[in-house]
Structures are given as C-alpha cells and as structure tokens.
Amino acid sequence: MTADDVEARLRALEQQVGQLTDQIAVTQLIASYGPLVDAGSPEEVAALWSEDGSYQVEGWNMRSRAEVHAMVASDAHQNLIAGGAAHFLGPAQVNVHGDDAYAVCESLLVRRRDDRWVVARAGANHFTLRRIGGRWQITRRVTRALDGALEARALLTAAPLD
Amino acid sequence: MTADDVEARLRALEQQVGQLTDQIAVTQLIASYGPLVDAGSPEEVAALWSEDGSYQVEGWNMRSRAEVHAMVASDAHQNLIAGGAAHFLGPAQVNVHGDDAYAVCESLLVRRRDDRWVVARAGANHFTLRRIGGRWQITRRVTRALDGALEARALLTAAPLD
Amino acid sequence: MTADDVEARLRALEQQVGQLTDQIAVTQLIASYGPLVDAGSPEEVAALWSEDGSYQVEGWNMRSRAEVHAMVASDAHQNLIAGGAAHFLGPAQVNVHGDDAYAVCESLLVRRRDDRWVVARAGANHFTLRRIGGRWQITRRVTRALDGALEARALLTAAPLD
C-alpha cells in the first residue's frame, strides 16, 4: 500500500462520513421541529430557520426567523398547544447536495377534543435547507393540507421547488 | 504504527461506513414511499420495487414492479388521493445483512372527511429488500391492518418472514 | 503526509463513525418499541430497558425491566392489542454524549373502533439511555399525554430531565 493509496482511501472515507453526518444532521433538525413547537419554545423553533428563512403554512406567511419566533409566541399558537396538540411529523426523506439540502415529510396536526384527539389536518411539507456558518438552517418551508389539491401533492418530492 | 495497522483500521472504517450507508439508504427508501404514493407518481413508487418484487395489502396482491405501477396509476388510488389522503408511515426499524435487509414500520392511512381527517386504517408493514445492481430494492412488502389479528402482529419483527 | 497526519485523520474518522453509529443505534432502538409492543412481545420490549430502568406512563409506574415485561404480558396490554392498536411513535430526536443519550419523540395511541381507528392519546416521550455492557439501554422513560399541561410539554427537549 503506497502513501497515495492511503490518501485516496482516507479522502473517500472523509467524504462519505461527511455525507452521512449531513444526512443525519438535517434529519435530526426536522425531527426536532414538532417537539419544540409543541413545547411552545419560540427561541428554539426560530433557531431552526435562517435569519431570512421563510415558512408558508395556511393562514401564515412568515418571511424571517423573527416572524417564525412571533408565530410560536403568538396567542393563536400558545392557545392551540394549551388545549392539547401534537404537530406530528413523519420521517423525513432528505437529499443533501454539498451545502444545500431538500427534504419532504408528511405531518398530522392532532388536537385534543374531550377525552380523545382528532386529526385536524394532514399536511405535505417541503423543506429547503442551507449550511450557513457551518450549521444547517431552514431557508424555506412550505406546508399545505393534503386535501387532494395538486399544489400540496407537488410538494412531496425532495428536490428544489421551481 | 505499521502499514498493517493502517490497513486494518482503514478496513474496519470502510466496513462500518458501508454498514451505516446501507442502513440510511434503506431507511430513506422507506421514508420516500408515503410522500411518493400520496403525490400519485406511479414511476417513482414502482422504482422502489425490484422487477419481480411483490406487495400484498388488503384488496391488492401485486407481483411485480409493473403491478405496483398499475396500482398507483389506478382510478382507485388516484381517486383516494384526490379526496385528500396521507399514507403516513412511521420510522422504520431496519436490519441489514450484506445484500439483504429487513425492515418494519407501522402506518396510518389518513383520509379527509369534511373539515377534518380520519384514520381509516392502522397497519403493520414488513419489508424484505435486496441490493440489486448496486441499488436497494423492495423484493417483498406485506401490509396488514392492525385489527388485533395475530397475522398482522407477526409482521412486526425486522427478520426474514418464513 | 506524515505518520502523525495519518494517525490524526484515522482517529478523527473513528470518533465520527462511532458518533454516527451511536446516533443510529439509539434511533433504531426507539423505532423498535412501537412494533414490538404492538406485536405483544414481553421479552423483546423488556430487553430495551436496563435491569433497573424505569418507565412512567399514565396508570403505570414501572421500576425495572421485569416490570416492563409484566406490563406487556398483562391482560390490560394484551387485550388492548387484541382489539387492534398501534403505539405509533414519531421520529426520535437523539443527543448522544459518550455513554449517555437523551431522546424525545411524540406518539399517538391509535385504537380500533368499529370500522376505523381513533387517536386515543397523543403523547410526549422523553428517553434517558445509557450504554451498559456495550449495548444501549433505556434507563428512564417518561410519557405524558399532550393535553396542554406544562408537565408534558417540559418533556420535549432531548436533554437530561430535572
């Protein structure tokens, strides 16, 4: 085994390990959204977004980390979770390309009603992420109800949105 | 450190990284099923199966990639998603052994009814996969309703099905 | 490239691969809980806990692996799953620190009622895990209904409890 062989194998390993690390980092970031938003923590939820990251979801059109913070802190959201709610996201399918990543998952908004819970919404979620300052951040998230409309179904591919 | 030491450590790393890569590849393949089938994309869903892969689920007994394609393209499926539906799969538990893999997860079929969604079925899913031509493919999937029957509960172990 | 460079790069890779391996092992352990408990397998569920591991969930306060075994084997649990039930856990958010790990996820208890399923409970889950004898084991799990109470919402951070 020559020094060149060692170098090539180390480089290949470093590249693969970097790819796996990114894949898991993005998967974990998305897995943290539901628990944090249901805990009602504006700081932690907002930190998942980039400073000018956006989040479009029925009734809300947030255009920055500060607006995501405001949504979580709002009476509307705090009352929702005080009544008993789970923003239940499914496992994300994640594609990483260098410093860019795309992910999709489905979600259920489950709300307490009397002695049980009801599914108030099933949603399609598309995430665009970017590594900024060495940390993965959401630069765009679009969520739509899976009500049969083509607009929602078009979100379900982990590729760049038009 | 001798050249033999370096070789042994490189080989161990390559083996472990290969294992993690396979684990994540199978997990991601399964995570893509729900979004793709709810998007209504016959090509992409069918490509998850091997050419002669099978998929048994109540009312359907598909025996090839072409039959999976036909199911997704069918009026029955297209009408289901046009009415608002999520094939919501939970996180898969995956066991990889060389070129074979076994995975299980639970699933919910959530359908729109008026202004909310209802859980039309909770299911047990067992996947058998094989690496074919360098790409993981489903060679067999069995899904049964979690209605209390032992047949469904027997699917919930990520080992070979007898 | 000097022998010291090779040593440093190998060591960095080994450390990173170890971290990814742990991350996936804990994620997989948690992903196996729902399928195993719905299969009704007391041995396999109990083996996820350490010998003196605990599990607190409404109506149950288990203080050992043996008590987890007894819960799964109990008439109460066996009747629940015989009626059709899914303990549907979402993707876990996992933080590993050496031989300790913390994880959170949300969960839905879905039960059959007539020709459909209802969400009988949405829950917050916090797991404390420890590597014991080279194997990750749950040393403490706390699950509470997401009914709006702060106690449940406080569980949703993958850090040590209190």
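In which strand of chain B is B:Asn61 placed? B:Asn61 lies in strand 2 of chain B, which covers residues 60–62. Strands here are DSSP runs of E with at least two residues, helices are runs of H or I with at least four residues, and both are numbered from the N terminus.

The structure is a predicted model, in which local features need pLDDT of at least 70 and side-chain atom pairs count only at pLDDT 80 or more, while totals for chains, interfaces and linings use all residues. Residues are numbered from 1 along each chain as its sequence is written, chains are lettered from A and ligands numbered from 1 in the order in which they are written, and side-chain values use heavy atoms, with hydrogens and water left out.

The description may begin with a single chain. Chain A contains five helices and seven strands. Read from the N terminus, its elements follow the order α-α-β-β-α-α-β-β-β-β-β-α. Along the principal axes, the C-alpha atoms of chain A fill a box of roughly 70 × 35 × 35 Å. Of the 162 residues in chain A, 56% are buried; buried means under 20% relative accessible area, exposed means over 50%, and partly exposed lies in between, with a 1.4 Å probe and protein chains only. Contact means heavy atoms within 4.5 Å. Among the contacts in chain A between residues at least 6 apart in sequence, 48% join residues at least 24 apart.

The surface and charges of chain A come next. Chain A exposes about 6,700 Å², of which carbon and sulfur atoms supply 48%; accessible areas come from the Shrake-Rupley method with a 1.4 Å probe, and for residues only the protein chains shown count as cover. Chain A carries 16 positive and 21 negative side chains, and the centres of these two sets lie 5 Å apart. In this count, Lys and Arg are positive and Asp and Glu are negative, whereas His and the chain ends are not counted. The place of a charge is taken as NZ of Lys, CZ of Arg, CG of Asp or CD of Glu.

How the chains are related is the next topic. Two copies of a chain are related by a rotation about an axis and a shift along it. Chain A can be laid on chain B by a turn of 120° and a shift of 0.0 Å along the axis, with an RMSD of 0.0 Å. That is the relation of a three-fold axis. In chain A, the C-alpha nearest the axis belongs to A:Pro91, at 3.3 Å from it. Chain C is superposed on chain B by a rotation of 120° with 0.0 Å of shift along its axis, at an RMSD of 0.1 Å. C:Pro91 comes closest to the rotation axis among the residues of chain C, with its C-alpha at 3.3 Å. These superpositions are made by least squares on the C-alpha atoms of residues with pLDDT of at least 70 in both copies.

A search of the whole structure finds zero disulfides over all chains, a disulfide being a pair of cysteine sulfur atoms within 2.5 Å. A:Cys105 is in no disulfide, and the nearest cysteine sulfur, that of B:Cys105, is 15 Å away.

Several individual positions complete the picture. B:Asn61 is partly exposed because its relative accessible area is 43%. Not counting residues up to four places away in sequence, B:Asn61 touches B:Tyr55, B:Gln56 and B:Glu67. B:Asn61 and B:Val6 are 55 residues apart in sequence, and their C-alpha atoms are 51 Å apart in space.

In chain C, C:Ser41 is found in the loop between helix 1 (3–39) and helix 2 (42–46). C:Ser41 counts as buried because its relative accessibility is 17%. Leaving aside neighbours within four places in sequence, C:Ser41 is in contact with C:Leu36 and C:Val72. The C-alpha atoms of C:Ser41 and C:Gln78, 37 residues apart along the chain, are separated by 9.7 Å.

Most residues other than glycine have a negative phi. A:Asp114 has a positive phi of about 55° although it is not a glycine. A:Asp114 belongs to the loop between strand 5 (100–113) and strand 6 (116–132) of chain A, and A:Asp114 is exposed, with a relative accessible area of 66%.
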